[in-house]
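Here is a walk through one protein chain, taken a stop at a time. Keep the structure open and find each residue as it comes up.

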Amino acid sequence: MDFSITPEQEQLYASMKRLAAEVVAPGAAQRDKDGRWDPDVWKQLAAAGVAGMPIPEDLGGSGGSIIDCCLVNEALAEGGHDGGLGLSLGAHWVIGSVPIWLHGTPELQQRWLPGLCDGSLIGAWASTEPEAGSDAGAIRTTAVREGDDFVLNGTKIFITNGPIADVCTVLAKTEKGPSAFVVDTTTPGFVVGRELDKMGCRSSPTAEIHLQDCRVPATSMLSVEGEALWRVAFECFSWERTVMMAATIGGMRATIDGTIRYAKERQQFGKPIAHFQAVAHKLAEMEINYQVCRNAVYKAAWLKQTGKDHMLEASVAKAITGKLVVENALEAIQIHGGYGYLRDFPAERALRDAKLTSIGGGTTEIQKMIISRLLLA
Ligand SMILES: Cc1cc2nc3c(=O)[nH]c(=O)nc-3n(C[C@H](O)[C@H](O)[C@H](O)COP(=O)(O)OP(=O)(O)OC[C@H]3O[C@@H](n4cnc5c(N)ncnc54)[C@H](O)[C@@H]3O)c2cc1C
């Protein structure tokens, strides 16, 4: 098995990490404190071709492979220390743009992809509802056919990029079942509701969306009417479980490196705390966890990229990363002692950002359900 990446991919990683260190890292702590999305950071990343990474070049994108997307997301997280940026970028890519690329008509692709790829537009995805989270099939939002249009009514919650999105793919039930509609967010009846005050990833804006007699053309439907769940949504989830997990991996690397630096500098009992075996072993455990997660994520991404069955591996990657990223963040705080408990140090923010990994895009319990079903089939 070949785990090497090409020299171009190594270069891509290094340049993205550098870019994030220059552009993303400086204001990350303040954006977290304020719960603020910064459009200037986005513009600078977009200027470097980041916004359209997964989309083919002939549709306006950068034509990155799945592994390229993982590397970019990982590098930006490692260099930028901003979990919210990883969340918003990941959502823009894998649930905001990819469904339009893979399932949109040429007209939908032409209308939306160039702007999504150059970063002048931002994408979102709205399936979750107050009463339908893990059970995505239980959505109540309706899409009723009226002539050449569908009229959407319902409420969505937890929508990443909701307050800033220009286009949002909305899951709604027609008489044939769950269907996906690409909605221009300036359409009358597409109402951005309350912005949600989150524990972590606070630089990524999240909102409720209300669909109030929101009329969209029937031509804005993706894929097959009534089959959006398994044709579109489940496919998005496998992108989430690979490409979005890579951002978590980059964050884990940054946390380990920051903690190693601290353990070497902090002196107690006349020597650096890194010299105490209890501390050194914690660092070793953190590295073991990181390697396990990184291997799992890239194995799933490689299977997906090569067109092989990857459902089990993607769920394994998400479940293990969701658990170990929190474990690592807790150990980072422990090694920082009282300072780790303060908001002044990045370890505290890393813990708050880390917790989302086991919830968003399918909880750990749902990953275990998928894994056990595949094992018992
Ligand atoms: C910051 C953030 C960003 C998000 N972004 C988006 C987005 O952009 N678009 C979007 O559509 N959604 C988004 N989500 C929604 C996210 O995907 C859901 O929160 C997630 O799928 C869980 O749904 P829920 O919160 O309703 O929890 P529930 O489904 O109510 O689950 C509650 C608990 O019950 C457990 N549980 C539920 N069913 C089972 C079962 N069958 N077996 C065992 N345990 C079970 C869960 O694992 C969990 O622990 C986001 C969420 C967050 C927090």
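Start at the second largest pocket, which is lined by 14 residues. Those that lie nearest its centre are Asp2, Phe3, Ser4, Ile5 and Ile67. This is a predicted model, and the pocket is computed from it, with a volume of about 330 Å³. Which elements give two or more residues to the lining? They are helix 4, residues 66-80, and helix 8, residues 277-305. Helix 8 gives the largest share, six residues. Sorted by class, the lining of this pocket has seven nonpolar, four polar and three charged residues.

How many cavities of 30 Å³ or more does a search of the whole structure find? The search finds one. The largest cavity has a volume of about 40 Å³. Its lining is made up of Arg31, Trp37, Asp38, Val41, Asp82, Leu85 and Ser203. Three of the lining residues are nonpolar, one is polar and three are charged.

Next, go to strand 1, where Ala126 lies. Is Ala126 buried or exposed? Ala126 counts as buried, because its relative accessibility is 0% and the cut-off for buried is under 20%. Look at what surrounds Ala126. Not counting residues up to four places away in sequence, Ala126 touches Lys156, Ile159, Cys168, Thr169, Val170 and Leu171. Ile157 is 31 residues from Ala126 along the chain, yet their C-alpha atoms are separated by 7.6 Å.

Follow the chain onward to Gly137. Gly137 sits in the loop between strand 1 (123-126) and strand 2 (142-146). Gly137 has a relative accessibility of 29%, so this residue counts as partly exposed. Leaving out residues up to four places away in sequence, Gly137 touches Lys173 and Leu229. Pro178 is 41 residues from Gly137 in sequence. In space, the two are 7.2 Å apart, C-alpha to C-alpha.

Take Asn161 to begin with. Asn161 is not a glycine, yet its phi is positive, at about 70 degrees. Where does Asn161 lie? Its place is the loop between strand 3 (149-160) and strand 4 (167-174). Although Asn161 lies in a loop, this residue counts as buried, because its relative accessibility is 0%. Setting aside neighbours within four places in sequence, Asn161 is in contact with Ser88, Ala91, His92, Ile122, Gly123, Ala124, Ser204 and Pro205. One of these contacts, Ser204, is 43 residues away in sequence and 6.8 Å away in space, C-alpha to C-alpha.

Then turn to Phe269. Phe269 also has a positive phi, of about 50 degrees, although it is not a glycine. Phe269 lies in the loop between strand 9 (267-268) and strand 10 (271-272). Is Phe269 buried or exposed? Phe269 counts as exposed, because its relative accessibility is 78% and the cut-off for exposed is over 50%. So Asn161 is a buried loop residue, whereas Phe269 is an exposed one.

Helix 9 spans residues 311-340. Helix 9 and helix 11 pack at an angle of about 145 degrees, and their axes are 9 Å apart. The crossing of helix 9 past helix 11 is left-handed. Which residues meet there? From helix 9 come Met311, Leu312, Ser315, Val316, Lys318 and Ala319. From helix 11 come Thr364, Gln367, Ile370, Ile371, Leu374 and Leu375. By class, this contact has eight nonpolar, three polar and one charged residues.

Finish at Thr357, in the loop between helix 10 (346-354) and helix 11 (364-376). Thr357 is buried, because its relative accessible area is 8% and buried means under 20%. Leaving aside neighbours within four places in sequence, Thr357 is in contact with Met245, Thr248, Lys318, Thr321, Gly322 and Val325. Lys318 is among them, and Lys318 in helix 9 is also one of the residues that meet helix 11. Phe237 is 120 residues from Thr357 in sequence, and the two are 13 Å apart in space, C-alpha to C-alpha.

Technical notes:
Residues are numbered from 1 along each chain as its sequence is written. This is a predicted model: local features need pLDDT of at least 70, side-chain atom pairs count only at pLDDT 80 or more; totals for chains, interfaces and linings use all residues. Side-chain values use heavy atoms; hydrogens and water are left out. Helices (H or I, at least four residues) and strands (E, at least two) are DSSP runs, numbered from the N terminus. Buried means under 20% relative accessible area, exposed over 50%, partly exposed in between (1.4 Å probe, protein chains only). Contact means heavy atoms within 4.5 Å. Axes are lines fitted to C-alpha atoms, for helices over the stretch in contact, and angles run from 0 to 180 degrees between N-to-C directions. A crossing is left-handed if the near helix is turned anticlockwise from the far one by less than a right angle, and right-handed if clockwise. Ala, Val, Leu, Ile, Met, Phe, Trp, Tyr, Cys and Pro count as nonpolar, Asp, Glu, Lys and Arg as charged, and the others, Gly among them, as polar. On a 1 Å grid over the protein atoms alone, a cavity is a set of points where a 1.4 Å probe fits but cannot get out, and a pocket is an open set with protein on both sides within 12 Å along at least five of seven lines; lining residues have an atom within 4 Å of a point. Grid points are joined across faces, edges and corners, and a volume is the space filled by probe spheres set on the points.
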